[in-house]
Amino acid sequence: MKTEINGTMYEVPQHVAIILDGNGRWAKKRFLPRNMGHLEGAKTVEQICEDAWNLGIKYLTVYAFSTENWKRPEKEVKALMKLLRKYLLDCIERTSKNNMRVRVIGEKSRLDDDIRKSIEELEEISSKNTGLNFTIALNYGSRDEMIRAMRKMCEDYKADAFDAEEINEERFTSYLDTKDLPDPDLMIRTSGEQRLSNWLLWQLAYTEFYFTDVLWPDFNKKELENAIIYFNTRERRFGGV
C-alpha cells in the first residue's frame, strides 16, 4: 500500500515496531517527575495508533515494559503499573470505537491478577475487530520469549508431536509470542539510543531500523512520516547482498 506524504507517494511498511524511549528524559528536561513523562508517553501511543492506521500501517507493536524494567526504582514501577491499569481500561473502550484489535505479548505471570484480567478482557473484546492490529509488549524480553518457546517446543517433542528433522524456522516461530503477526518491516527507536535492548531479536532479522533523537512524548505523525520516507530509501534484500 502507498500513501501520500508532502505530495509524493511512498510505500507503507505493513508492520512497524517501536521502542518507546525517552519518557523520563522528557520529564527531566521540563523539571517534572518521571511519572509525567510516562503519562505523556501513553497519550502519544494513543495518537500514533490513529496516525499509523490513517497512513496505511496494518500492524503496530510497541515496547511498553521490558523484563529489565523491574529493576527501576520501586516507586517508578508502581507508578507505571498504576498507569498501565488505567491505560488498559481506557483501551477497552477505545478498541470498540476505533475497530482496533489489541494483543499483549510477554510473560504475563508476573503481572498482578487484575492486570491479567484486563488483558484477557481487552484481547477478547477486540478479537473480531478489523482495523489496526495493535500489540503491546509487557514484561517482555526477547531472550525470555525464546527460552519460553524452546521449553514449549521441547515439551511437544517429548510428547512425540514432531520429529527432530521437522524443527525449522517456521516451527520455532510458531512457539513465539508473535506467532500470529508478520515480522516487522520497520523498527523505530526514539530518544537517540541505537540498540535493540532485548527487543524482538528473532523477528527483526530483516527489518529496517530507524533511530531518531526525538523523545517519545514528542513523537508525532510528522516523525512517523519521516520514518516511512527513510524506509523508502532502503533497498530491501532478504538473505542476499
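Buried means under 20% relative accessible area, exposed means over 50%, and partly exposed lies in between (1.4 Å probe, protein chains only). This is a predicted model, in which local features need pLDDT of at least 70, side-chain atom pairs count only at pLDDT 80 or more, and totals for chains, interfaces and linings use all residues. Residues are numbered from 1 along each chain as its sequence is written, and side-chain values use heavy atoms, with hydrogens and water left out.

**Exercise 1. Cysteines**

Task: find how many disulfides the structure holds, and classify Cys 49 and Cys 154 by accessibility.

Solution. 
- Step 1: a disulfide is a pair of cysteine sulfur atoms within 2.5 Å. The structure holds 0 of them.
- Step 2: for Cys 49, the nearest cysteine sulfur belongs to Cys 91 and is 7.2 Å away, and Cys 49 is in no disulfide.
- Step 3: Cys 49 has 7% relative accessibility, so it counts as buried.
- Step 4: Cys 154 has 38% relative accessibility, so this residue counts as partly exposed.

**Exercise 2. Overall form**

Task: compare the radius of gyration of the protein with that of a compact globule.

Solution. 
- Step 1: the radius is taken over C-alpha atoms, and the globule rule is 2.2 Å times the number of residues to the power 0.38.
- Step 2: for 241 residues the rule gives a value near 18 Å, and the protein has 18 Å, so the two agree.
- Step 3: along the principal axes, the C-alpha atoms fill a box of roughly 55 × 45 × 35 Å.
- Step 4: 48% of the 241 residues count as buried.
- Step 5: contact means heavy atoms within 4.5 Å. Among contacts between residues at least 6 apart in sequence, 74% join residues at least 24 apart.

**Exercise 3. Pocket and cavity**

Task: describe the lining of the largest pocket and of the largest cavity.

Solution. 
- Step 1: on a 1 Å grid over the protein atoms alone, a cavity is a set of points where a 1.4 Å probe fits but cannot get out; a pocket is an open set with protein on both sides within 12 Å along at least five of seven lines, and lining residues have an atom within 4 Å of a point.
- Step 2: grid points are joined across faces, edges and corners, and a volume is the space filled by probe spheres set on the points. The largest pocket has a volume of about 760 Å³.
- Step 3: 31 residues line this pocket, and Leu 20, Tyr 63, Ala 64, Asn 69 and Arg 72 lie nearest its centre.
- Step 4: the search finds 1 cavity of 30 Å³ or more, and the largest cavity holds about 40 Å³ of space. Its lining includes His 15, Asp 183 and Leu 200.
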